[in-house]
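User: I am new to this structure and would like a close look at one part of it. Please keep the explanation plain.

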Amino acid sequence: MGRGKFKGKPTGRRHFSTPEEMLAGTSARPRTFKQEEAVEEEEEESEEESEEESEKRKGTQGLIQIENPNLAKPKTLKARDVDIEKTTELSRREREEIEKQKAHERYMRLQEQGKTEQARKDLERLALIRQQRADAAKKREEEKAAKEQKKAEARK
């Protein structure tokens, strides 16, 4: 069978391990990779301890003390080290979005209570429509009563 113009790579398809396989240690990834990870973790731990003592700097940075807050390197945290209870600062967009939602909810509550200008107009319009419908129903009943009376006179 022809495969078309392009042939697949000889290495085959990629295989991704599931988190369950990784925890059980049955993933298809090579054992050497696990060993390299263990060595890297040990190096990272030893680096964290010695990081405060000696830090290599480029050029004249070692000679000049710079107080630049943007220069501070952000520390990367591992998932297990993250403090869950710590509240994170919201960005301006997120804060504005939350404020917008709260304002909308507040407006809808006032709308339901009939305290907003639009709600007052709607209630006035509703009262007017109810009045018109009541008048129309009354008029229909009068016409119906008049028809019945006419029929009754015609029978006599």
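Is Arg120 buried, partly exposed or exposed?

Analyst: Arg120 is partly exposed, at a relative accessible area of 41%; buried means under 20% relative accessible area, exposed over 50%, and partly exposed in between, with a 1.4 Å probe and protein chains only. This is a predicted model, in which local features need pLDDT of at least 70 and side-chain atom pairs count only at pLDDT 80 or more, while totals for chains, interfaces and linings use all residues. Residues are numbered from 1 along each chain as its sequence is written, and side-chain values use heavy atoms, with hydrogens and water left out.

Arg120 forms a salt bridge with Glu117, their closest N and O atoms being 3.5 Å apart. A salt bridge here is a side-chain nitrogen of Lys or Arg within 4 Å of a carboxyl oxygen of Asp or Glu. Side chains of opposite charge can pair when their charged atoms come close. Glu117 and Arg120 are three residues apart in helix H4 (residues 117–155), so about one helical turn separates them. Helices are DSSP runs of H or I with at least four residues, numbered from the N terminus.

The structure holds three salt bridges. Arg125 is partly exposed at 47% relative accessibility, and Asp122 is partly exposed at 30%.

In helix H3, Glu96 and Arg92 lie four residues apart, about one turn of the helix. Their side chains meet in a salt bridge at 3.2 Å, N to O. Glu96 is partly exposed, with a relative accessible area of 42%.

Methods
Helix = DSSP H or I, 4+ residues; strand = E, 2+ residues; numbered from the N terminus.
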